Amino acid sequence: MLRRMALYTAGLTLLVAVLASGLIGLLFLASGVQRAGPVQVMLFCAAVCLILAPFVLGPLVLLALRLRELSERLRQAALTDPLTGVANRRAFFERAERLLDDAPGAPTHPRFAVLMIDVDRFKSLNDRLGHEVGDAALAHVAGRIVDSLARAGEGGALVARLGGEEFAVVLPGVGPPGAELAAEAVCRGLRSAPLVHRGHRIEATVSIGVWAGASAGIDGPLGAADRAVYAAKAAGRDRWVL
(Lines give C-alpha, C1' and ligand atoms only; values in the text may rest on other atoms or scores of the structure.)
Protein backbone atom coordinates (compact mmCIF):
# COMPACT_ATOMS: atom_id res chain seq x y z
CA MET A 1 0.00 0.00 0.00
CA LEU A 2 2.85 2.39 0.79
CA ARG A 3 4.41 1.67 -2.60
CA ARG A 4 1.09 2.36 -4.33
CA MET A 5 0.74 5.67 -2.50
CA ALA A 6 4.31 6.67 -3.41
CA LEU A 7 3.63 5.96 -7.09
CA TYR A 8 0.38 7.90 -6.86
CA THR A 9 2.19 10.90 -5.37
CA ALA A 10 4.91 10.83 -8.05
CA GLY A 11 2.31 10.58 -10.83
CA LEU A 12 0.26 13.41 -9.35
CA THR A 13 3.34 15.64 -9.08
CA LEU A 14 4.30 14.95 -12.71
CA LEU A 15 0.76 15.64 -13.89
CA VAL A 16 0.63 18.94 -12.00
CA ALA A 17 3.97 20.00 -13.49
CA VAL A 18 2.75 19.25 -17.04
CA LEU A 19 -0.57 21.01 -16.50
CA ALA A 20 1.09 24.03 -14.94
CA SER A 21 3.57 24.35 -17.81
CA GLY A 22 0.81 24.02 -20.39
CA LEU A 23 -1.49 26.46 -18.62
CA ILE A 24 1.24 29.08 -18.28
CA GLY A 25 2.05 28.71 -21.98
CA LEU A 26 -1.62 29.14 -22.92
CA LEU A 27 -1.92 32.21 -20.72
CA PHE A 28 1.14 33.72 -22.34
CA LEU A 29 -0.27 33.08 -25.81
CA ALA A 30 -3.75 34.35 -24.92
CA SER A 31 -2.44 37.56 -23.39
CA GLY A 32 0.11 38.25 -26.08
CA VAL A 33 2.99 38.53 -23.66
CA GLN A 34 5.41 36.17 -25.33
CA ARG A 35 8.15 38.60 -24.39
CA ALA A 36 7.00 39.06 -20.83
CA GLY A 37 9.34 40.44 -18.21
CA PRO A 38 10.23 38.77 -14.91
CA VAL A 39 7.42 40.50 -13.01
CA GLN A 40 4.79 39.40 -15.52
CA VAL A 41 6.09 35.83 -15.45
CA MET A 42 5.90 35.81 -11.65
CA LEU A 43 2.34 37.11 -11.74
CA PHE A 44 1.31 34.45 -14.24
CA CYS A 45 2.92 31.71 -12.12
CA ALA A 46 1.19 33.00 -9.00
CA ALA A 47 -2.16 32.96 -10.77
CA VAL A 48 -1.61 29.40 -11.97
CA CYS A 49 -0.64 28.27 -8.48
CA LEU A 50 -3.78 29.81 -6.99
CA ILE A 51 -5.92 28.08 -9.59
CA LEU A 52 -4.31 24.66 -9.17
CA ALA A 53 -3.75 24.75 -5.39
CA PRO A 54 -7.16 23.33 -4.34
CA PHE A 55 -6.84 20.45 -6.81
CA VAL A 56 -3.27 19.63 -5.79
CA LEU A 57 -3.24 20.23 -2.03
CA GLY A 58 -6.51 18.40 -1.36
CA PRO A 59 -5.32 14.96 -2.57
CA LEU A 60 -1.90 15.48 -0.98
CA VAL A 61 -3.43 16.30 2.42
CA LEU A 62 -5.67 13.22 2.19
CA LEU A 63 -2.66 11.14 1.21
CA ALA A 64 -0.68 12.42 4.21
CA LEU A 65 -3.57 11.60 6.55
CA ARG A 66 -3.90 8.09 5.13
CA LEU A 67 -0.15 7.51 5.50
CA ARG A 68 -0.28 8.71 9.10
CA GLU A 69 -3.24 6.43 9.86
CA LEU A 70 -1.51 3.46 8.22
CA SER A 71 1.69 4.14 10.16
CA GLU A 72 -0.24 4.20 13.45
CA ARG A 73 -2.01 0.94 12.60
CA LEU A 74 1.28 -0.75 11.77
CA ARG A 75 2.84 0.52 15.00
CA GLN A 76 -0.07 -0.77 17.07
CA ALA A 77 0.02 -4.13 15.28
CA ALA A 78 3.72 -4.48 16.04
CA LEU A 79 3.09 -3.91 19.77
CA THR A 80 -0.09 -5.99 20.23
CA ASP A 81 -0.49 -9.71 20.73
CA PRO A 82 -2.87 -10.69 17.90
CA LEU A 83 -4.49 -13.57 19.81
CA THR A 84 -5.38 -11.82 23.06
CA GLY A 85 -5.37 -8.12 22.17
CA VAL A 86 -3.08 -7.16 25.07
CA ALA A 87 0.48 -5.88 24.71
CA ASN A 88 3.09 -8.29 23.36
CA ARG A 89 6.52 -8.99 24.85
CA ARG A 90 8.24 -6.17 23.00
CA ALA A 91 5.61 -3.64 24.02
CA PHE A 92 5.72 -4.85 27.63
CA PHE A 93 9.37 -3.98 28.13
CA GLU A 94 9.12 -0.69 26.22
CA ARG A 95 6.07 0.51 28.16
CA ALA A 96 7.26 -0.87 31.50
CA GLU A 97 10.37 1.30 31.37
CA ARG A 98 8.25 4.37 30.64
CA LEU A 99 5.89 3.53 33.50
CA LEU A 100 8.83 3.20 35.88
CA ASP A 101 10.13 6.60 34.79
CA ASP A 102 6.85 8.15 35.94
CA ALA A 103 6.30 5.99 39.04
CA PRO A 104 6.63 7.45 42.58
CA GLY A 105 10.26 7.42 43.67
CA ALA A 106 11.63 7.63 40.12
CA PRO A 107 14.23 7.78 38.72
CA THR A 108 16.39 6.00 41.30
CA HIS A 109 13.83 3.99 43.30
CA PRO A 110 10.48 3.83 41.48
CA ARG A 111 7.81 1.97 43.46
CA PHE A 112 5.66 -0.52 41.59
CA ALA A 113 4.33 -4.08 41.60
CA VAL A 114 4.68 -6.94 39.14
CA LEU A 115 2.34 -9.89 38.65
CA MET A 116 3.55 -12.91 36.72
CA ILE A 117 0.54 -14.99 35.67
CA ASP A 118 0.69 -18.53 34.33
CA VAL A 119 -2.38 -20.48 33.18
CA ASP A 120 -2.70 -23.71 35.14
CA ARG A 121 -2.43 -27.03 33.27
CA PHE A 122 -2.53 -25.30 29.90
CA LYS A 123 -0.51 -27.98 28.08
CA SER A 124 -2.99 -30.62 29.21
CA LEU A 125 -5.84 -28.46 27.92
CA ASN A 126 -4.19 -28.13 24.52
CA ASP A 127 -3.49 -31.85 24.31
CA ARG A 128 -7.04 -32.86 25.26
CA LEU A 129 -9.13 -30.31 23.36
CA GLY A 130 -6.85 -28.95 20.65
CA HIS A 131 -5.15 -25.66 19.89
CA GLU A 132 -8.36 -23.89 18.86
CA VAL A 133 -9.81 -24.33 22.33
CA GLY A 134 -6.44 -23.48 23.83
CA ASP A 135 -6.32 -20.22 21.89
CA ALA A 136 -9.86 -19.38 23.01
CA ALA A 137 -8.82 -20.06 26.60
CA LEU A 138 -5.83 -17.71 26.34
CA ALA A 139 -8.01 -14.94 24.91
CA HIS A 140 -10.52 -15.55 27.70
CA VAL A 141 -7.84 -15.38 30.40
CA ALA A 142 -6.45 -12.14 28.97
CA GLY A 143 -9.89 -10.57 28.94
CA ARG A 144 -10.59 -11.64 32.52
CA ILE A 145 -7.23 -10.26 33.69
CA VAL A 146 -7.95 -6.85 32.16
CA ASP A 147 -11.54 -6.80 33.44
CA SER A 148 -10.63 -7.97 36.95
CA LEU A 149 -7.90 -5.35 37.31
CA ALA A 150 -10.26 -2.64 36.14
CA ARG A 151 -12.86 -3.74 38.71
CA ALA A 152 -10.15 -3.65 41.38
CA GLY A 153 -9.37 -0.02 40.50
CA GLU A 154 -6.23 -0.81 38.49
CA GLY A 155 -7.51 0.08 35.04
CA GLY A 156 -4.20 1.79 34.19
CA ALA A 157 -2.16 -1.39 34.65
CA LEU A 158 0.08 -2.65 31.86
CA VAL A 159 -1.06 -6.14 30.84
CA ALA A 160 0.97 -8.20 28.38
CA ARG A 161 1.30 -11.72 27.06
CA LEU A 162 4.98 -12.61 27.27
CA GLY A 163 4.56 -15.86 25.36
CA GLY A 164 2.68 -19.15 25.49
CA GLU A 165 0.38 -19.18 28.52
CA GLU A 166 2.41 -16.58 30.44
CA PHE A 167 1.16 -13.07 31.16
CA ALA A 168 2.69 -10.17 33.07
CA VAL A 169 1.24 -7.08 34.73
CA VAL A 170 2.94 -3.89 35.94
CA LEU A 171 1.17 -1.75 38.54
CA PRO A 172 3.01 1.59 38.96
CA GLY A 173 2.95 3.12 42.44
CA VAL A 174 1.34 0.01 43.99
CA GLY A 175 2.72 -1.53 47.19
CA PRO A 176 2.35 -5.05 48.63
CA PRO A 177 -1.24 -4.63 49.92
CA GLY A 178 -2.47 -3.30 46.59
CA ALA A 179 -0.57 -5.97 44.66
CA GLU A 180 -2.13 -8.70 46.80
CA LEU A 181 -5.61 -7.28 46.19
CA ALA A 182 -4.96 -7.14 42.43
CA ALA A 183 -3.72 -10.74 42.34
CA GLU A 184 -6.69 -11.98 44.33
CA ALA A 185 -9.04 -10.05 42.01
CA VAL A 186 -7.56 -11.84 38.98
CA CYS A 187 -7.86 -15.29 40.59
CA ARG A 188 -11.42 -14.57 41.70
CA GLY A 189 -12.37 -13.12 38.32
CA LEU A 190 -11.34 -16.31 36.53
CA ARG A 191 -13.06 -18.59 39.03
CA SER A 192 -16.33 -16.70 38.63
CA ALA A 193 -16.45 -16.78 34.83
CA PRO A 194 -15.68 -20.15 33.18
CA LEU A 195 -15.20 -20.22 29.42
CA VAL A 196 -17.80 -22.00 27.29
CA HIS A 197 -16.44 -22.71 23.80
CA ARG A 198 -17.95 -25.09 21.21
CA GLY A 199 -19.68 -27.14 23.86
CA HIS A 200 -16.67 -27.25 26.18
CA ARG A 201 -16.87 -25.69 29.64
CA ILE A 202 -13.39 -24.67 30.72
CA GLU A 203 -12.76 -23.50 34.25
CA ALA A 204 -9.39 -21.89 33.69
CA THR A 205 -7.34 -20.93 36.73
CA VAL A 206 -3.99 -19.20 37.10
CA SER A 207 -0.99 -19.24 39.41
CA ILE A 208 0.38 -15.77 40.15
CA GLY A 209 3.75 -14.65 41.43
CA VAL A 210 3.67 -11.20 43.04
CA TRP A 211 6.52 -8.77 43.59
CA ALA A 212 6.09 -5.29 45.09
CA GLY A 213 8.70 -2.77 46.16
CA ALA A 214 11.22 -0.32 44.71
CA SER A 215 13.66 -1.12 41.92
CA ALA A 216 15.52 0.81 39.26
CA GLY A 217 14.66 -1.78 36.59
CA ILE A 218 12.04 -4.35 35.65
CA ASP A 219 14.25 -7.43 35.16
CA GLY A 220 14.95 -8.22 38.82
CA PRO A 221 11.33 -7.87 39.98
CA LEU A 222 10.16 -9.90 36.98
CA GLY A 223 12.53 -12.74 37.88
CA ALA A 224 11.41 -12.69 41.51
CA ALA A 225 7.74 -12.79 40.50
CA ASP A 226 8.48 -15.64 38.09
CA ARG A 227 10.03 -17.69 40.91
CA ALA A 228 6.95 -17.01 43.02
CA VAL A 229 4.79 -18.53 40.26
CA TYR A 230 6.51 -21.88 40.84
CA ALA A 231 5.82 -21.55 44.55
CA ALA A 232 2.14 -20.91 43.79
CA LYS A 233 1.96 -24.01 41.59
CA ALA A 234 3.73 -26.12 44.20
CA ALA A 235 1.19 -24.93 46.79
CA GLY A 236 -1.72 -26.23 44.71
CA ARG A 237 -2.29 -23.71 41.86
CA ASP A 238 -5.20 -21.27 41.54
CA ARG A 239 -3.54 -18.88 43.99
CA TRP A 240 -0.96 -16.15 44.33
CA VAL A 241 2.32 -15.99 46.24
CA LEU A 242 4.04 -12.75 47.31
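A crossing of two helices is called left-handed if the near helix is turned anticlockwise from the far one by less than a right angle, and right-handed if clockwise. The structure described here is a predicted model, in which local features need pLDDT of at least 70 and side-chain atom pairs count only at pLDDT 80 or more, while totals for chains, interfaces and linings use all residues. Residues are numbered from 1 along each chain as its sequence is written, and side-chain values use heavy atoms, with hydrogens and water left out.

The chain contains seven helices and seven strands; helices (H or I, at least four residues) and strands (E, at least two) are DSSP runs numbered from the N terminus. From that terminus on, the elements follow the order α-α-α-β-α-α-β-β-α-β-β-β-α-β. Of the 242 residues, 37% count as buried, where buried means under 20% relative accessible area, exposed over 50%, and partly exposed in between (1.4 Å probe, protein chains only).

Five strands form an open sheet of mixed pairing, in the order β2-β3-β1-β6-β7; two strands pair if DSSP finds at least two bridges between them. The edge strands, β2 (158-163) and β7 (239-241), each pair on one side only. Strands of a sheet pair through backbone hydrogen bonds, either parallel or antiparallel. Strands β1 and β6 (residues 206-214) run antiparallel and are joined by nine bridges, with V119 standing opposite V206 in β6.

Helix α7 (residues 219-234) packs on the sheet and touches β1, β3, β6 and β7, a contact being heavy atoms within 4.5 Å. The direction of α7 makes about 145 degrees with that of β6; axes are lines fitted to C-alpha atoms, for helices over the stretch in contact, and angles run from 0 to 180 degrees between N-to-C directions. Helix α3 (residues 89-102) lies across β1, β2 and β3 (166-172).

Residue D118 is placed in strand β1 (residues 111-119). D118 counts as buried because its relative accessibility is 14%. Not counting residues up to four places away in sequence, D118 touches E165, E166, T205, V206, S207, V229 and K233.

The axes of helix α5 (residues 131-151) and helix α6 (residues 176-191) come within 9 Å and cross at roughly 130 degrees. Helix α5 is therefore oblique to α6, since angles under 35 degrees count as roughly parallel, over 145 as roughly antiparallel, 65 to 115 as roughly perpendicular and the rest as oblique. The crossing of α5 and α6 is right-handed. Residues of α5 including H140, V141 and R144 belong to the set that meets A182, A185, V186, G189 and L190 in α6.
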